[in-house]
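Colleague: I would like to learn how to read a model like this one. Could we take it feature by feature?

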Amino acid sequence: MIGLGRFYITTAIDYVNAKPHIGHAYEKVIADIIARWQRLRGEKVFYLTGTDENAEKNSQAAKEAGVPVREFVDKNVEFFKNLCKTLNISNDYFIRTTEERHIKISQDIFRKVLEKGDIYKDFYEGLYCEGCEGYLTEKDLVGGKCPEHQKPPKPLREEAYFFRLSKYNDHIVKLLESPNFVIPKEKRNEMLSRIKSDDLKDLCISRKNLYWGIDVPDDKNHKIYVWFDALINYVSAIGYPDGGKFKEFWPADIHLIGKGINWFHSVIWPAMLISAGIKPPKTILVHGYLTVNGQKISKSLGVQIDPLEIVKKYGADPVRYLFAREIPMGEDGDFSEQALKDRLNNELANDLGNLLSRVVKMIEKSFSGNVPQGKVDEKLSKQLRVESIEKYMDKFELHNALAEIWNFIRACNRYINEKEPWKLEGKELQDILYTLADSLRIISILISPFIPATSEKINEQLGLKPGILKDVKFGLLKGGKIKRGEHLFNKVK
Ligand SMILES: [Zn+2]
């Protein structure tokens with residue numbers, strides 16, 4: 001992917017009916033890595049995340065907690081903001097869908113589509129699952145129950161507003177068939193085969209008699225149901241239609257989402273946008289689900305990990321590293337503390353941490369902490385394959401990019417073992433330590449999107465300023481004063 005100077009990336013927005021789980025942390029971290037990588041390439045980036053606060057789910061959870069909804073969402077949103085801070089997420093804005101601006105823009109777009117004739121009033125009959133906040137078909141049920149929520153849905157008939165999704169069938173098929181609209185391809189194919197087996201139906205987009213939510217414009221008996229509210233956040237947050245940010249950053253480069261809401265993003269959302277005269281996003285990037293120790297995340301079964309607790313215990317960078325290294329984009333993956341410990345001990349502490357402390361100690365000992373000038377050893381520098389790393393990042397294969405970076409880190413450690421610099425002196429020693437310090441400078445740049453705090457620590461110890469991708473060239477290091485610090489990572493048992 002070639003940068004055009006502007007890069008807009010979003011995550012899904014989260015319900016605030018409960019505290020964040022590890023899946024929320026995963027999505028925010030992956031988006032953050034992509035955002036930071038684009039900044040490293042010199043792009044101007046806007047990274048958006050936030051919360052979906054108008055959903056009936058939140059209102060139900062507030063009722064159960066015996067707290068007014070407004071108070072409930074105001075309190076719970078803090079957990080999500082805190083999660084961003086704890087994970088060192090570099091979002092440029094955090095949208096709450098209870099913001100006045102969002103409410104107004106949702107209604108404006110609803111009205112625009114209504115006036116165009118793509119929204120109409122009719123009756124809806126169906127089986128409604130409160131957990132899903134949606135209607136299910138008989139086909140969806142397992143033993144008469146919603147398979148997701150293990151409850152039988154309620155039959156419901158009500159007056160409602162509909163969006164003419166059917167009108168956009170061919171348009172959406174064409175969009176899905178265009179390259180890179182949905183990544184990975186398998187997730188694109190799932191959507192295509194669903195449309196091709198059963199043409200798009202019009203979509204019910206309002207609910208009656210709800211207390212919480214955004215009013216349908218000029219009709220207080222109806223609330224806007226999820227699509228024309230939640231999805232609108234991607235354009236309301238940047239000030240649609242006249243805001244400078246909207247003009248600068250739309251269409252979004254990446255909507256990063258979980259596979260469960262792929263349909264909403266790659267079918268319903270672009271149809272809404274086309275109807276409203278807004279360009280569709282460029283790419284829907286779909287990630288898989290996380291299991292915890294091999295089990296599906298489930299609050300009721302007690303299968304979950306509190307991301308705030310886990311970061312408190314191990315630090316943000318090891319968690320970020322694990323997410324990117326362990327789980328290939330688009331695939332389901334497992335989060336286990338054992339895997340986290342293994343990667344922390346072996347890859348972060350042994351490979352990277354030791355490399356830094358060995359080099360820093362040798363420069364201290366032989367050159368009083370002044371990084372010597374020297375000539376880069378090409379046998380080592382050739383082992384860094386920057387183009388491969390860039391290619392992997394362009395394809396969102398973050399795990400492969402990290403593997404490639406780690407190949408080089410290990411090559412640096414082997415280089416020390418082979419050269420045995422402690423037995424050398426003079427020009428030869430200068431060249432070797434210069435090569436290693438310069439390599440660490442480059443490593444620090446390359447790892448900065450993944451483990452930004454660690455990159456900063458390396459820079460501090462080597463007396464470096466943060467670099468960008470353009471600086472990933474050997475021989476650019478000019479002197480510097482070493483400031484030995486603590487170990488980058490402490491091993492855990
Ligand atoms: Zn359900």
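Modeller: Start with pairing. Two strands count as paired if DSSP finds at least two bridges between them. Keep in mind that this is a predicted model. Here β9 and strand β11 (residues 219-224) pair in the antiparallel sense, over three bridges.

Colleague: Which residue of β11 stands opposite serine 206?

Modeller: Isoleucine 224 in β11 stands opposite serine 206.

Colleague: In what order do the three strands of that open sheet run?

Modeller: The order is β9-β11-β10, with antiparallel pairing. The edge strands are β9 (206-208) and β10 (215-216), and each of them pairs on one side only.

Colleague: How should I read the sheet of four strands?

Modeller: Look at the order, then at the ends. This open sheet runs β5-β4-β6-β8, and its pairing is antiparallel. β5 (134-136) and β8 (203-204) are at the edges with a single partner strand each, so one side of each has no neighbour in the sheet.

Colleague: How many bridges join β6 and β8?

Modeller: Two bridges join strand β6 (residues 154-163) to β8, in the antiparallel sense. Phenylalanine 163 has leucine 203, in β8, as its bridge partner.

Colleague: Now helices. What is the general idea?

Modeller: An α-helix has 3.6 residues a turn, so residues three or four places apart point the same way. For the case here, take helix α10 (residues 262-275). Its 14 residues reach 19 Å from first C-alpha to last, close to the 20 Å expected at 1.5 Å a residue.

Colleague: Where does α10 kink?

Modeller: At isoleucine 268, by about 30°. The kink lies shortly before proline 270. After the helix comes glycine 277, with a positive phi near 75°.

Colleague: Why is α10 described as largely enclosed by the rest of the structure?

Modeller: Count neighbours. A residue is buried if 20 or more other C-beta atoms lie within 10 Å of its own. Ten of the 14 residues of α10 are buried, so the rest of the structure largely encloses the helix. Among them are His265, Trp269, Pro270 and Met272.

Colleague: And the domains?

Modeller: The domain assignment gives domain 1 (6-287) and domain 2 (337-471). Their centres, taken over C-alpha atoms, are 42 Å apart. Nine residues from domain 1 and eleven residues from domain 2 make the contact.

Colleague: Which helix gives the largest share of the side of domain 1 that touches domain 2?

Modeller: Helix α1 (residues 22-40), with four residues. By type, that side of domain 1 has five nonpolar, two polar and two charged residues.

Terms used
Residues numbered from 1 in each chain as written. Predicted model: local features only at pLDDT ≥ 70, side-chain atom pairs only at ≥ 80, totals over all residues. Expected span 1.5 Å × (residues − 1). Bend = angle between axes of the 7 residues up to and from the residue. Buried ≥ 20, exposed ≤ 12 C-beta atoms within 10 Å, placed from the backbone. Domains from an automatic or database assignment. Contact = placed C-beta atoms within 7 Å. Nonpolar A, V, L, I, M, F, W, Y, C, P; charged D, E, K, R; others polar.
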